[in-house]
Amino acid sequence: MTTQGYGRNTTRCIRTEFDFQPAGRRRVEAAFDAGRVSSDGGLLLLRELTKSSGVFRDFAACFRDHRDPSRVEHTVEELLAQRVLGLLCGYEDLNDHDVLRDDALLALAIGKADPTGEQRKRVRDRGHALAGKSTLNRLELAKPTVAGDERYKKISYDDHGIQRLFVDTFLAAHDRPPAEIVLDLDATDDPVHGKQEGRFFHGFYDSYCYLPLYVFCGDFILGAALNTADKQPVSGAVEELERIVSQILARWPAVRIIVRGDSGFCRDEVMRWCEDNGLFFVLGLQKNSRLIAEIEDEMTQARTTSEQTGKEARVFKDFRYETNRTWSRERRVVGKAEYTTDKENPRFVATNLSHDEYDARSLYEDLYCARGDMENRIKEQQLGLFADRTSAHTLRANQLRLWLSSVAYMILNELRRLALAGTELAHAQVSTIRTRLLKIGAIVTASVRRIRVSLSSVFPLQHVWWRVLENLHRHHVMRR
């Protein structure tokens with residue numbers, strides 16, 4: 001290649017082929033001539049799912065775009081799809097998108113008519129099919145309202161609309177109302193590593209963090225509220241329940257609802273709200289000297305049985321209990337007196353469910369302990385979908401990041417529920433689905449008549465791919 005430099009022609013040669021150590025008698029060569037290659041061939045599956053469900057269309061409807069339409073290169077729906085699909089494929093940071101903006105398969109998945117960007121060389125993005133980190137950052141920094149003289153942040157969003165989206169998706173997933181549902185509440189730590197707004201130190205987690213509050217129903221996420229660490233985990237729980245329950249009962253007026261949570265949610269305001277609104281609850285109760293004294297005989301019995309058998313032993317007791325100051329009324333409590341061959345392990349649960357429906361053992365072991373599966377869902381979102389990547393400066397921007405991750409989880413849950421049903425990945429976590437199903441080499445070629453995606457022929461889960469496409473097609477036909 002010839003270039004001009006300092007008034008004279010200079011020649012600079014760029015190598016396009018490379019030789020490596022031979023493999024036996026054969027030469028090993030490499031060249032940058034593969035064309036448009038993507039490591040995320042599974043985006044084709046996500047494209048089929050999201051197109052048929054309309055999830056990005058519904059998500060984008062919660063936003064307001066105040067930009068000049070004649071100058072818009074990437075719609076709000078495309079920006080949201082780019083960010084969420086990036087999370088699903090393992091790209092947690094906005095910086096990743098300065099490289100991803102040239103990924104033709106990602107551009108195809110979000111709905112770009114020109115996924116290779118060849119027709120865009122005359123516009124400002126100069127051949128890039130997708131948005132870069134700066135454009136996506138302006139989206140995440142959206143405010144409730146847009147000032148008339150605002151130059152950059154011209155996209156706003158409706159908090160309540162996004163919150164309703166999760167419940168609407170849950171309701172739409174059922175052909176008929178269930179007789180009973182269980183709403184799981186839990187909070188977790190979300191470490192912060194800078195001077196973010198709302199940064200507080202939490203003694204239990206021994207770090208500066210946020211305390212996001214999650215609400216799940218089985219595998220469905222219904223709410224994700226980013227709370228600060230200077231508040232109790234229960235903060236905002238009643239408000240979240242009011243919002244979610246009212247939306248559910250508007251569609252399913254006869255459904256029976258049970259609220260479940262650990263001892264952080266066993267507060268009088270939560271239990272009283274459930275009682276006043278016809279809901280049931282089963283909540284962990286923090287142990288104290290009075291409660292331990294109540295099951296003293298049962299603990300002695302459990303210890304004796306454990307010493308005789310050499311195994312752990314449990315004895316349950318059903319009794320009525322009321323705190324000295326904080327509870328407004330007496331309530332049913334189930335105590336578990338457990339001896340684990342070397343120490344006592346008492347546990348307590350408060351509930352307004354009757355003994356006729358759940359005896360002490362079934363209430364604790366079958367109903368309350370099932371809440372542990374929700375903790376797996378939270379870990380999946382925190383670790384696999386980067387819900388803890390709340391490194392923006394403002395609390396509002398970090399709340400939007402949490403919702404972006406929640407939408408990614410919502411899509412993943414639909415993928416498992418609809419597309420992966422009957423396959424070996426039907427109950428796999430996001431990290432397994434990503435590495436085994438989505439991370440597959442692909443080459444994209446575009447012509448006037450078609451866009452062709454050539455996938456790796458040595459992909460070991462081809463049979464799962466075809467099963468996924470069959471399931472998606474069948475579901476789409478049934479919906480129509």
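I began with Tyr210, which stands opposite Thr228 in β12. I count two strands as paired if DSSP finds at least two bridges between them. Helices (H or I, at least four residues) and strands (E, at least two) are DSSP runs, numbered from the N terminus. β11 and β12 make a hairpin with 2 residues between them, and Gly218 in the turn has a positive phi of about 65°. I then checked the cover on strand β12 (residues 220-228): 9 of its 9 residues are buried, so the strand is largely enclosed by the rest of the structure. Buried stands for under 20% relative accessible area, exposed for over 50%, and partly exposed for what is in between (1.4 Å probe, protein chains only).

**A note on the model.** This is a predicted model, where local features need pLDDT of at least 70 and side-chain atom pairs count only at pLDDT 80 or more, while totals for chains, interfaces and linings use all residues. Residues are numbered from 1 along each chain as its sequence is written, and side-chain values use heavy atoms, with hydrogens and water left out.

**Helix α6.** I asked which residues of α6 (residues 133-140) are buried. They are Leu136, Leu139 and Glu140. Viewed down the axis of α6, these buried residues fall within an arc of 95°, so they line one face of the helix. The arc is taken from the directions from the helix axis to the C-beta atoms. I also recalled that an α-helix has 3.6 residues a turn, so residues three or four places apart point the same way. The cover over the buried residues of α6 includes β6 (63-65), α3 (76-88), α4 (97-100), β7 (155-157) and α14 (395-419); contact here stands for heavy atoms within 4.5 Å.

**Helix α9 and its surroundings.** In α9 (residues 268-276) I found Asp268, Val270, Met271, Trp273 and Cys274 buried. These buried residues pack against α8 (237-251), β13 (256-261), β14 (280-285), β16 and β17 (347-351). Just after α9, Gly278 has a positive phi of about 75°. I followed β14 next and found it mostly covered, with 5 of its 6 residues buried. β13 and β14 run parallel and are joined by 4 bridges; Arg260 stands opposite Val282 in β14.

**Arg332.** Is Arg332 buried or exposed? At 6% relative accessibility it counts as buried. Arg332 is found in strand β16 (residues 331-339). Its side chain and that of Asp318 are joined by a polar contact of 2.6 Å. For such a contact I need a pair of N or O atoms within 3.5 Å; within protein, one must be able to donate a hydrogen and the other to accept it, and residues adjacent in sequence count only if both atoms are side-chain atoms. Leaving aside neighbours within four places in sequence, the contacts of Arg332 include Phe319, Val349, Leu353, His355 and Tyr358.

**Salt bridges.** I noted 37 salt bridges in the structure, each being a side-chain nitrogen of Lys or Arg within 4 Å of a carboxyl oxygen of Asp or Glu. In one of them, Arg314 and Glu338 have their closest N and O atoms 2.7 Å apart. Arg314 lies in strand β15 (residues 313-321) and Glu338 in strand β16, so the pair ties together parts that are 24 residues apart in sequence. Arg314 is partly exposed at 29% relative accessible area, whereas Glu338 is buried at 3%. I also found a network in which salt bridges with shared partners join Asp219, Asp373, Arg377, Glu380 and Arg416. Glu48 and Arg47 meet in a salt bridge of 3.6 Å, N to O; Glu48 is partly exposed at 37%, and Arg47 is partly exposed at 25%.

**A sheet of 3 strands.** My last stop was an open sheet with the order β5-β18-β19 and antiparallel pairing. Its edge strands are β5 (36-38) and β19 (451-455), each pairing on one side only. Strand β18 (residues 442-446) pairs with β19 over 5 bridges, and Ala446 stands opposite Ile451 in β19.
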